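Please look through the sequence and the model shown below before reading on. The report that follows takes up one topic at a time.

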Amino acid sequence: MAVTKSHILIADDDDDIRLALSLLLAEQGYKVSEAANGKEIARSISQSPPDLVLLDMNFSRDTTSGQEGLEQLALLQSKDIAVVLMTAWGSVDLAVKGMQQGAGDFIEKPWNKQRLLQVIEQQLKLQSLKNQNNNYLQLLTGHPQAWVCESPAMQALETMVLKIASTDASVLILGENGTGKSLLAERIHKLSRRSAVPLVALNMASIPESLFESELFGHKKGAFTDAKVNRTGRFELAQGSSLFMDEIGILPLNLQAKLLRVLESGEFEVLGSSKTQVADVRIISATNADLDDMVARGGFRQDLLFRLNTIVLTLPPLRQRKQDIATLAELFVNKFSNKYQRPQLSLTRNAIEKLMQYTWPGNIRELSHTIERAVLLCPNSEIYANQLSLHSGANMATQEIDIQPLENVEQQLIHRALEVSQGNVTAAAQLLKISRNAFYRRMDKFGIEHDT
């Protein structure tokens, strides 16, 4: 029995088909509803939007053209609902037309039970991942559409992006924490020939080491103790698309060899399966770590680095793109004004000047947090410089430290990094250019409490 409670709408004018599918999917643990025509589909998605629709291509109006199915597909696409088409055997051309217009996959009648369930599971996971990616990009960049390149440094980067985006070359994105590496990955993908399929993203820092292989390649039920159900890996989900691997430097050495194999041959195996699969995936990776130094210390494979860094793009820190700050700040003001339902706010000239003078150790993410806080606390229609909570002594890079025992200085830096990063341990560790585990050890050493 599947543990999922995803809601599936079966849209078909054949009573027997709806009944057979309802029984099968209910047995697998899905919530199921039915619709026999276009009106019932519209009513169903307005009352209880499904996670996925099994959509017949032909209803009662005709039995061959598929026009009704395409009309319903357009409606479902406008609601961002995943769709799997159902078509009679021999109508593959019609199904392909539907996929070109946004359907995720198709099955033929009479269906193969195993393939049907696999297609449903994969499309549900892909839709969930798409939603997660959107949230992930918003969290990392503050605004998924805020690609601003008015500064000379960003214009130079944009020129390179436009040259390489349409190729399938692997791209390694370098840059400090908070510079918007995930947003750059999304832009490269949107400009590529793979843009019709959503970008698949994986943040290495958020995955326990024991689950890396399963996340990348998937696993079969029973492959290990906690493998209760089949899991689709990111390489399979990214088939025909791009896979963005953030914080690639965290990947354990034993898995670096397996990743290298995929990049060299395109082949991989799902955990618990002996069947070799072939991945058609473009790799975009990112890190703020010094991978060359990691190679020298034996922490990263040089041959893997050569496969990842066909194209290297370095995102400049915000302090090197002053001409972008005012535009980014205004975008964030508009975003958070809408989010918190505040009257439209604006930044005063003095506020913009103060934003331009600050050196932004936390880059775009810090700018986003600063503007969000100002929007929340602003009592009127204008945000003044003194409401930005930016102080001349707040920049860790310029803060003077008196001569004192090294351990005392280390403890101060740990506290300061946590303050600047607003409690984000990963970001704080990156500011000090040490690993997250090393940062946690120092927190424990000095008795600094942290969330687990």
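## The largest pocket

In this predicted model, the largest pocket has a lining of 44 residues, and those that lie nearest its centre are Asn288, Ala289, Gln430, Ile434 and Ser435. The space in this pocket comes to about 1300 Å³. Where empty space is left can be shown by rolling a probe the size of a water molecule over the atoms.

Several elements contribute to the lining of the largest pocket, with at least two residues supplied by each of strand 6 (171-174), helix 11 (291-296), helix 17 (425-431) and helix 18 (436-445). The loop between helix 17 and helix 18 holds lysine 433, a residue that has a positive phi of about 60° although it is not a glycine. Lysine 433 has a relative accessible area of 72% and is therefore exposed, since the cut-off for that class is over 50%.

## The chain as a whole

The secondary structure of the chain is made up of 18 helices and 16 strands. The chain has 452 residues, and 48% of them count as buried. When the contacts with a separation of 6 or more are considered, residues 24 or more positions apart account for 68% of them.

Strand 10 (242-246) is mostly covered, because five of its five residues are buried. In a regular strand the side chains alternate between the two faces of the sheet. Both faces of strand 10 are covered, with Ser242, Phe244 and Asp246 buried on one side and Leu243 and Met245 buried on the other.

Strand 10 pairs with strand 7 (residues 200-203) in the parallel sense over four bridges, and within this pairing valine 200 stands opposite leucine 243. Strand 10 also runs parallel to strand 13 (residues 282-287), to which five bridges join it; here the bridge partner of methionine 245 is serine 285 in strand 13.

In the loop between strand 10 and helix 10 (253-265) lies glutamate 247. Glutamate 247 has a positive phi of about 55°, although it is not a glycine. Is this residue, glutamate 247, buried or exposed? With a relative accessibility of 15%, glutamate 247 counts as buried, because that class takes in values under 20%.

Strand 5 (residues 105-109) is largely enclosed by the rest of the structure, because four of its five residues are buried. Strand 5 pairs with strand 4 (residues 82-88) in the parallel sense over five bridges, and isoleucine 107 in strand 5 has methionine 86 standing opposite. The peptide bond from lysine 109 to proline 110 is cis, with omega near -5°, and proline 110 is found in the loop between strand 5 and helix 5.

Valine 119 has its place in helix 5 (residues 113-141) and counts as buried, at 2% relative accessibility. Apart from its neighbours within four places in sequence, valine 119 is in contact with Val84, Asp105 and Ile107. The C-alpha atoms of valine 119 and valine 84 are 8.0 Å apart in space, while the two residues are 35 residues apart in sequence.

## Aromatic pairs and cysteines

The structure holds six aromatic pairs. Among them is the pair formed by phenylalanine 336 and tyrosine 340, which lies at 6.4 Å centre to centre with 25° between the planes and is stacked; this follows because planes under 30 degrees apart count as stacked. The two partners can also be described by their accessibility: phenylalanine 336 is buried, with a relative accessible area of 3%, whereas tyrosine 340 is partly exposed, with a relative accessible area of 28%. Elsewhere, one aromatic cluster is formed by Phe217, Phe235 and Phe268.

How many disulfides does the count come to? The count comes to zero disulfides, under a rule that asks for a pair of cysteine sulfur atoms within 2.5 Å. As for the cysteines themselves, cysteine 149 counts as partly exposed at 24% relative accessibility, whereas cysteine 378 is buried, with a relative accessible area of 4%.

Methods: Residues numbered from 1 in each chain as written. Predicted model: local features only at pLDDT ≥ 70, side-chain atom pairs only at ≥ 80, totals over all residues. Heavy atoms only, no water. Phe/Tyr/Trp six-rings, centres within 6.5 Å; stacked < 30°, edge-to-face > 60°. Buried < 20%, exposed > 50% of the residue type's maximum accessible area, 1.4 Å probe, protein only. Contact = heavy atoms within 4.5 Å. Pairing = 2+ DSSP bridges. 1 Å grid on protein atoms, 1.4 Å probe; cavity = no way out; pocket = protein on both sides within 12 Å on 5 of 7 lines; lining within 4 Å. Points joined across faces, edges and corners; volume = space filled by probe spheres on them.
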